[in-house]
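Reader: Please show me the model. Then take me through its sheets and its ligand site.

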Amino acid sequence: METAALSPHCGVEVKGISLAEAQGKALDSIRDLIYRNGVAVFRDQEFSPEDHIAFARRWGGIDINNYFPLTDEHPEIAVVRKRKDQTTNIGGGWHTDHSYDQIPAMGSILVARELPPSGGDTLWAHMGAAYDTLPEETKKRIDGLSAFHTADHIYSPEGAYAQTDQGAELRGQDLKTGATHPVVIRHPHTGQKLLYVNPGFTINFVGQSREESLPLLQELFAHAMSPGLQCRLQWEPGTVAIWDNRTTWHYAMNDYQGYAREMHRITLSGEALAA
Ligand code: SIN
């Protein structure tokens, strides 16, 4: 197994491994790479839906996504799709999947199934590097704070997606979500300090209103969006990406109007988060 960094702070490409067969020590090494680098990319994989599910089960538990369409044959697999006549994509803003759950998903395994001729890249940003590079004064201001996260403003009938051409395909629009997490968490496996707020789902600091919280939240978001903390993946047929939702944010580019893009996603179960 060989590795090459995708950027100075975020992401790694892993070569010389077939994910369909990875288990035991190879799987442990992959886990560790993802926990530390945030996202790992694997090219030229033969990875059927059955391989996708079997790999996820070897990793651990699977969280069934409540909102995106599921494949007919495999309810474990959520379909992240933009049809060629749709203008809105899924995930087209910086976010961390499932931070609105009290035990958020560990991460996701995303497989390219149909790609536009160009565009449709995915970006990740490393929240360990984001925390480490905050000014000391800001670190002191967020020390001990918790924040409230929800997805209701995104997925509910009045939410952001309902107003778009993605709305009709969403499930679970009547669900209510809400969770509180420390603003700075320790990675459950590496112990690294990570900034754990995101523009998609974090609403306010506990004990403060949205209005009171916004200036500091926006300062943290602007810092964490710095291009120097990011990596970018140009998908090809056979590409698989696996990321850690605690260590990263991600963003799906929507720059391929008139073409379809379809990805298969399995979400991996996580553990409770702590400061
Ligand atoms: C997502 O999980 O937010 C979608 C990522 C992508 O489609 O690139």
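Author: Terms come before strands. Strands (E, at least two residues) are DSSP runs, numbered from the N terminus. Two strands pair if DSSP finds at least two bridges between them. This is a predicted model, where local features need pLDDT of at least 70, side-chain atom pairs count only at pLDDT 80 or more, and totals for chains, interfaces and linings use all residues. Residues are numbered from 1 along each chain as its sequence is written, and side-chain values use heavy atoms, with hydrogens and water left out.

Reader: In what order do the strands of the open sheet with S7 run?

Author: This sheet has 3 strands, and the pairing is antiparallel. S13 (230-233) and S15 (248-252) stand at the edges with a single partner strand each, so one side of each lacks a neighbour in the sheet. The order is S13-S7-S15.

Reader: Which residue of S15 is the bridge partner of His-126?

Author: S7 covers residues 122-126 and pairs with S15 in the antiparallel sense over 5 bridges. In S15, the partner of His-126 is Thr-248.

Reader: How far is a polar side-chain atom of Thr-122 from an oxygen atom of the ligand?

Author: A polar contact is a pair of N or O atoms within 3.5 Å. For His-250, a polar side-chain atom lies 3.0 Å from a ligand oxygen. For Arg-265, the distance from a side-chain N or O atom to a ligand oxygen is 2.7 Å. For Thr-122, the value is 2.5 Å.

Reader: What is the bridge partner of Phe-148 in S9?

Author: S8 spans residues 146-149. It runs antiparallel to S9, and 4 bridges join the two. In S9, Phe-148 has as its bridge partner Thr-180.

Technical notes. Polar contact = N/O pair within 3.5 Å; in protein donor to acceptor, adjacent residues only side chain to side chain.
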